Amino acid sequence: MKSEVMVGNKAVAYSAKLARVNLIAAYPITPQTTIVQYLSEFVANGEIKAEFVNVEGEITAQLVCMAGSIAGARAFTATSGPGLIYMHHALHGTARYRLPVVMAVANRGVRTMGPDHTDMMDQRDTGWIQLYCENNQEALDTGIMAYKIAEDERVRLPVSYGLDGYVLSYTAEPVEIPEQKEVDDFLPPYKSTYPVLPENFDAEIEDYKKHWLKGKSINEPFTPYPADESFSHLTMVNWGPGHDQQWRWRSHQEAMMKAKQVIKEVDEEYGRRFGRSYGGLVDEYRCEDADVVIVAMGTIASTARVAIDNLRREGKPIGLVKLKSFRPFPKEEFERIGKTVSTIGVLDRNISLGEGGIVYNSIRSAIYDLEEKPLVLGYHLGLAGKEVRLRDVEQIAERTLKTANEKKVETFVTWI
Amino acid sequence: MRKKMSIRDIPKEEAMWPGNPACQGCGGSLAGRLVYKALGRNSVRVEIASCAPGFMNIRVPSFYAPAFEGAAAFMTGLARGYKLMGREDVVIAGLIGDGGTVDIGFQGLSAAAERNENIFWFTYDNEAYMNTGGQRSSATPLFARTATTPISDTSRGKAEEKKNVPLILAIHRVPYVATASVAYPEDLIEKIQYGKEIKGFRYMQINSPCPTGWGFEPKDSIKVARLSVESGLWPLYEILEGRRFRLTYKPKELKPVTEALKIQGRFRHLSTEESNTIQEKTINNWERLLDMDGKEIF
């Protein structure tokens with residue numbers, strides 16, 4: 001294992017290389033651009049054997065990955081902010097066709113060029129798995145784990161992972177690069193389980209008709225592929241009477257829910273093999289015997305660790321929950337945590353206008369069934385790239401502790 | 001010199017099963033049948049939002065690209081993916097409507113042409129958004145009535161001329177560009193059989209009359225298509241390497257455009273002056289093409 005000081009974008013490029021992606025399609029946008037540049041260098045000097053498609057826009061990048069994945073490629077793309085929004089239409093397609101495409105997002109807000117999570121949060125209902133990273137090492141490790149999760153037969157869903165733009169994408173940190181052989185053992189080169197070939201067409205249709213005639217199709221759709229039935233020629237025999245149109249949503253939701261377990265397993269296996277793991281869906285830091293926890297995502301979690309250390313030194317019973325997997329959302333974890341703490345402070349680098357902090361409201365919803373519910377406070381910070389300082393997070397932590405001690409809420413939501 | 005195909009040389013084997021829910025006399029469905037007859041079954045079909053998903057009885061793997069604007073991107077992905085799988089023998093073909101070609105899909109189409117992707121793009125051109133009820137596209141010809149270019153005191157149908165996509169693509173210097181018509185199957189099939197052996201970006205735009213949208217009897221689809229070619233409204237040509245231009249069918253004498261126009265409801269409102277305008281533009285265009293015939297262009 002070797003170590004190198006590298007920016008987050010290079011860590012992402014390394015993860016794609018180590019994962020042996022063989023189809024890359026991307027379009028430049030700040031702060032993602034250098035991911036594509038590093039990858040094109042890897043391809044040009046033969047370090048990656050891949051089809052590299054320099055496309056004319058992000059929606060094309062996503063569609064190239066989608067179709068390439070159908071044909072059997074291990075596909076990768078990367079984007080940021082407005083590019084991700086431009087890709088939105090195609091994101092739904094990759095997810096509904098249940099394709100194991102992986103995408104890195106150098107998070108950039110949708111209202112300024114600064115970093116926040118509004119770009120990925122805008123895509124939360126597209127059916128992609130969403131993971132968030134705290135540092136460059138985690139970006140590299142997550143990029144490799146992402147394929148293992150995406151390609152798991154229980155899941156078969158595309159995975160996006162975010163790294164805060166600039167703060168990680170253009171900032172250098174020491175990163176350990178795993179050995180290729182060890183990565184190959186963990187994640188063998190991809191072979192499509194569902195090749196779509198012209199010579200199989202007639203046999204597939206016959207199979208399908210047999211299944212249909214048995215009357216099994218209503219709630220047990222059968223296709224040679226795990227995808228939404230609009231995926232292929234089988235569309236022609238699937239619009240029969242009794243066909244449940246909602247199946248495409250229900251089966252997708254089931255796969256998302258199964259992904260919770262798979263993410264945990266993959267993270268644990270990665271830890272065993274490479275000595276680094278990230279807690280699965282959430283990473284709990286100094287939460288043992290904590291009366292109060294704060295919840296953060298991405299690089300803010302890194303700042304929060306220092307704040308927690310400082311407050312722990314003062315004897316304050318506070319911990320950090322880093323939310324790594326936003327989709328699927330770790331409801332069970334928050335129910336468990338909610339039983340042991342009196343107050344939760346949620347740091348949202350995002351907003352759903354007309355409601356508020358997205359993670360704040362998700363956590364409030366997750367703990368709703370608890371008989372004794374903790375207080376949940378929300379904080380908006382770091383939006384539009386506003387700097388998040390250590391003292392901002394300390395202020396949040398103190399405010400949350402004060403609410404816990406006084407058992408009195410001044411305001412539920414605060415703008416920092 | 002390539003051998004001219006006779007109607008007797010057309011392959012007997014059909015790639016299309018009988019029966020689909022397209023309208024009676026649908027030119028697009030017929031284009032689909034002829035295209036896959038010529039390509040053979042070692043091919044795939046990409047479709048996007050259009051009437052084409054209705055031509056569901058073509059027996060090759062078919063993919064619905066889930067973005068109207070994304071046919072070229074989707075075909076690119078398939079072509080690269082099949083290449084990675086060592087299956088470049090599979091022809092990646094798309095049966096795309098004119099809207100998905102000349103309007104919403106144009107950015108991706110131009111980009112795929114510029115990258116010279118190994119795909120064969122077929123536009124079945126019915127000159128409007130027929131699947132949504134016949135709204136104007138930039139492939140709609142001058143003065144045609146559509147749902148969004150109605151006839152009134154102030155509107156005389158479409159005010160602009162048809163966008164000339166075959167020539168725009170030719171100037172991308174792609175290996176093969178051709179026009180074709182469902183009324184000339186031997187010309188269409190010969191071009192496809194020639195084009196399918198070429199590697200790189202290939203494009204064919206097929207005149208596909210739409211009885212529902214153009215306002216004529218379903219039995220007259222072939223007649224409308226044939227008169228369009230014989231009057232010079234729809235010239236049949238091909239362009240190799242973006243340079244070598246060749247008319248593949250030259251009527252001895254052009255028929256008057258009114259013969260083709262008068263049987264179509266979408267042109268029923270034409271005044272003599274408007275008919276004359278179309279006639280004049282058609283003859284000018286035909287003469288320019290005759291000048292280019294057999295030569296290097298651009």
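I looked up the pairing of strand S13 (residues 343-348) with strand S14 (residues 375-380) in chain A of this predicted model. The two run parallel and are joined by six bridges; strands count as paired if DSSP finds at least two bridges between them. Within S14(A), A:Gly378 is the bridge partner of A:Val346. Strands (E, at least two residues) and helices (H or I, at least four) are DSSP runs, numbered from the N terminus.

I noted the conventions. Residues are numbered from 1 along each chain as its sequence is written, and chains are lettered from A and ligands numbered from 1 in the order in which they are written. Local features need pLDDT of at least 70 and side-chain atom pairs pLDDT 80 or more, whereas totals for chains, interfaces and linings use all residues.

I then traced the sheet. It is open, with six strands of chain A in the order S9-S11-S10-S13-S14-S15 and mixed pairing. Its edge strands are S9 (282-285) and S15 (413-415) of chain A, each pairing on one side only. The twist averages 20° from one strand to the next.

I next checked the helices. Helix H11 (residues 299-313) of chain A packs on the sheet and touches S9, S10 (292-296), S11 (318-323) and S13 of chain A; contact requires C-beta atoms, placed from the backbone, within 7 Å. The direction of H11 makes about 170° with that of S11(A); angles run from 0 to 180 degrees between N-to-C directions, with axes fitted to C-alpha atoms, for helices over the stretch in contact.

Finally, I examined the contact between chains: 32 residues come from chain A and 31 residues from chain B. H3(A) gives the most to the chain A side, with ten residues.

Terms used: Two residues are in contact if their C-beta atoms, placed from the backbone, lie within 7 Å.
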